[in-house]
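Colleague: Could you walk me through this one? I'd like to start with the strand pairings towards the end of the chain.

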Amino acid sequence: MKLTKIIKNFSAVFSAAALFGIFGCSMEIDQNSAASSITDISRALIYQEISQMTFMGGSALYSPKDANANQISNGVVIATRIGEVYAIDLGSGKYSYQNSKVNFEYGFIKITDVSKESISFSYAKFNGSKNASPAGSFTLSEGKTADLNGDGISDIIWRKPDAGHKGRKNNMWLTFLCSTGTGSESGSSSMFSIIPMQYSRSTYPNGMLGINSNGQYVINMYDVGTSNRAAISEIGPGDYIFDMEKNTIGMYAGEERSGRNARAIEDAEFEKIEPVTESSTASDFEYKPYDFTGEYDINTLLSLLPKSVVSQDYANKSLSENVDYLNTLIKDSAFIAAVMQENPGEVAEEIRAQLATPISSDIELVIFNRHALSLFFPDDCPDVNIMASTLAGALPWFSCEIGAVPEMSGSERSLFDDEIVKIQKKIEECRRTGGESKSESIKKELEEAYHSQIEKYMKEAEQECTLSKDIYTEDYILYNIKREAYKKYISKTSLSFNVAPLAAGLSGQKWLVDIIRGANGDLTFGVNASISFADANPDIYFKTIQYVQIEAENKLAVTVYGTSLFSSKTPDKLTPEQTKDYLKQQHGIDADKDGFWDFDKMYKDETITSGFGIDKWYFKWKNEKKVYGDYKVRATEDAKAFHRFIQPVKAVPIGVTMDFKFDILFASKAVIYMDDIFVGGCQMVVHEVRCGVDWGFRDWFTCFGARIAPKVWTFYASPFNAYNSYAENNGFAGFTKINRENATMGGGVQVIFTPVLEARLGIGIGFDLAVASADMSAGVWGNAFMPLIFEAGITANAHKLVDEGSVDLDINTSFTALLGLSWGLDLQLCLDPPALDKKYWTYDIPGLGSTKMFQICKFDMKNFELVNSEGFKELE
């Protein structure tokens, strides 16, 4: 099972701008179907796949009464990323936090049993190998936690949902715990990734990526890869919606849905999020009418409040009027005290304890009173939601890596291989300590990382090189080592693709494809990226690679054409590789194994320098319209043809067919080769950026001692940006071997004309009318064909030309005339519709028939002197 598609469902390269307010990602998320059946994918999860998934902090949903929204059931596998959160000193007692790229581990949990009362699961982690190893089994009852990686810090808890959503009281959350440390102390982040392919139809249940660390659902508005609205069955006001059509993040402002029939989110239910600013007022945090359009009824809530507080009649008023009235009540500083007096108990005592800390503003008063009411009346009062308009706000704990991830060895891992873990540690140390030189320090460490990798891959390529130093020149060997080192760097540090063959193919020009293949052309682009949020603090790494290569060694190009001179179509053209593919796909022939064409030795054959050696190609090549093999040649459908169906008894559709055809077939070949000579080069250009902002807020809106929303005007930041660019150039032109005596270069062409005269007699069924005819018959055919082969080639001794300055050329020409006589049995269908050309379809019956070949004459010339002549003889 290939898991690459999983990565696309919840990952993308986000631009730096997106992290701070411009959402420009391209996540593909599908959410159409219920999680009614689970496919076991645990054995298919490997490190290279799971390490490139996208992880978020927060909770996975157990919804036993809504199969469409349920993310947790027996057999479900959830990927995990557990690691350190390190503190960054910003000065003046302020700290920012980031997810470590060194001290973390990937793994996954597999649910073995689940109910509202408890959950059981196994945990496996990747520890120095491609596959995961078991690391424990756990059973958690409500409110219990588990330490998955054994570091003494709780990573996961089975708990009830946050208050404030009436329809979710029957659900449970499997929460992955993320927290920063205190001051300079390190924290811990446990993040998860839902894997959609295990669910029915490989979709995200309810379209939900998960529940973020603030308790808000994160849902996509559209089906994956389409403009169709997704069907959502569980969502409430204040949940996040990703609108991929408009690249925006909004909030749900419709009626709460809890296990009802799934339907699409309407435009009116999508509300753009306005960020909290210095000009924000208490009214921005008040109740809205949509808060009471679902399972919450404002009249019921007002009826539960003390009569001393609710003095107006509300029963006969509109929803908007009652919402305005409730907002007036919660802005009164004495409001919550009256509610506590009427509702004594644990909740009242908790609120009384929180009131010991003075409320500092009207905004905090509204937030406090709204949250307090949701605690007193959880089934009748929605909680307050503070929304963020950026991706970092919607997913404050987030990690995504895109690009190739190498094999591991050891307990510590990073974006790079183990050599770069040391560099990554240095970068994190630069960020921990801060200072004016932070960007320069990171830039230096990234540069050291790059050169360390290139040096490592150079050593690996040198060890793997099979070129003998006793045979090949030192410069040629060094070129090959550098080239392979560059390719290793690209493949192991990026997600890469060679676009040269694709670009040539899309051009529609076969000659360009031939040149790209013949010259070993390579145009590769690679990308490697990571994005991480720790408590909404962003960190971005992005690298692009461009690699260009073109080489000429042993051959530059080989082309083969085949057509009838009577055809109006463009001649067919096949390279040797294309011809081999054709023989294998159409005729089941392995050209090398079955001896139809000795491709590998063609360029090394000694006849290349005497007669060019391509006269044998003609009879060892098969084409779609002609068969040049087994010494059998047939006229094509473009031949000049005479066909007659003779029907002795007009009432009986049985008759005799007679066919005569004349054709002139044409084929040509060309080759330019270099023996023991090489001309080529390659270039690799790398750009990498490491940037982010170590930031925070000096003051927050608080509720019950917890930070609810930042006061954005108290923002402080310490940005960093490190950019590096590297270029590697590698080229070689000259002799590949120490012994240059056999170094030659040359080329040649071969042109073949083959007149074909063919007759056929058959018997079959059909009809022959004045305006149209059609017949199908079995018959015997015979023909005579005469291949006329013209060849010209030239070779030069490159060693003498370069080292001695002398020109030593061999010019070879050849003319051969052959005669072939063939017969066989076939099946033929002929249609002659009115106003259209006559069409033939023939099928040669295998094993029936034979061919006799004769050489009429052959003349070979070398440097314009006749060196060989042959007369008439029968060929084997």
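Modeller: E35 and E36 run antiparallel and are joined by 5 bridges, where two strands count as paired if DSSP finds at least two bridges between them. Within that pair, Met 861 has Leu 866 of E36 as its bridge partner. Bear in mind that this is a predicted model, in which local features need pLDDT of at least 70 and side-chain atom pairs count only at pLDDT 80 or more, while totals for chains, interfaces and linings use all residues. Residues are numbered from 1 along each chain as its sequence is written, and side-chain values use heavy atoms, with hydrogens and water left out.

Colleague: How many residues sit between the strands in that hairpin of E35 and E36?

Modeller: There are 2 residues between the strands, and Asn 863 takes a positive phi near 55° there. Asn 863 lies in the loop between strand E35 (839-862) and strand E36 (865-870); strands here are DSSP runs of E with at least two residues, helices are runs of H or I with at least four, and both are numbered from the N terminus. Phe 864 is found in that loop between E35 and E36 as well, and has a positive phi of about 65° although it is not a glycine.

Colleague: Is Phe 864 buried or exposed?

Modeller: Phe 864 is exposed, with a relative accessible area of 62%, whereas Asn 863 counts as partly exposed at 33%. The cut-offs are under 20% relative accessible area for buried, over 50% for exposed and in between for partly exposed, with a 1.4 Å probe and protein chains only.

Colleague: What else does E35 pair with?

Modeller: E34 and E35 run antiparallel and are joined by 19 bridges, with Gly 849 of E35 as the bridge partner of Gly 824. Their hairpin has 6 residues between the strands, and Ala 835 takes a positive phi near 65° in it. E35 is also joined by 3 bridges to strand E37 (residues 873-875), again antiparallel, and there Gln 855 stands opposite Lys 873 of E37.

Colleague: Switching to the surface, which residues make the nonpolar patch?

Modeller: Val 649, Val 652, Ile 654, Ile 763, Ile 765, Met 776, Leu 829, Leu 831 and Trp 841 make a nonpolar surface patch of about 810 Å². Strand E31 (744-768) and strand E34 (809-832) are the elements that give two or more residues to this patch. Patches are made of residues with over 30% relative accessible area and no salt bridge, with nonpolar side chains (Val, Leu, Ile, Met, Phe, Trp, Tyr) joined within 5 Å and like charges within 9 Å; a salt bridge is a side-chain nitrogen of Lys or Arg within 4 Å of a carboxyl oxygen of Asp or Glu.

Colleague: Where is Leu 829, then?

Modeller: Leu 829 is in strand E34, and it is partly exposed with a relative accessible area of 32%.

Colleague: And inside, which residues have the most contacts in the largest nonpolar core?

Modeller: Those are Ile 72 and Ile 109, in a core of 46 residues. A second, separate core of 34 residues includes Ile 330, Ala 348, Phe 368 and Val 384. A nonpolar core is a set of buried Ala, Val, Leu, Ile, Met, Phe, Trp, Tyr and Cys residues joined through side-chain atoms within 4.5 Å.

Colleague: How many helices and strands are in the chain?

Modeller: The chain has 17 helices and 37 strands, and 50% of its 876 residues count as buried.

Note on methods: Accessible areas come from the Shrake-Rupley method with a 1.4 Å probe; for residues, only the protein chains shown count as cover.
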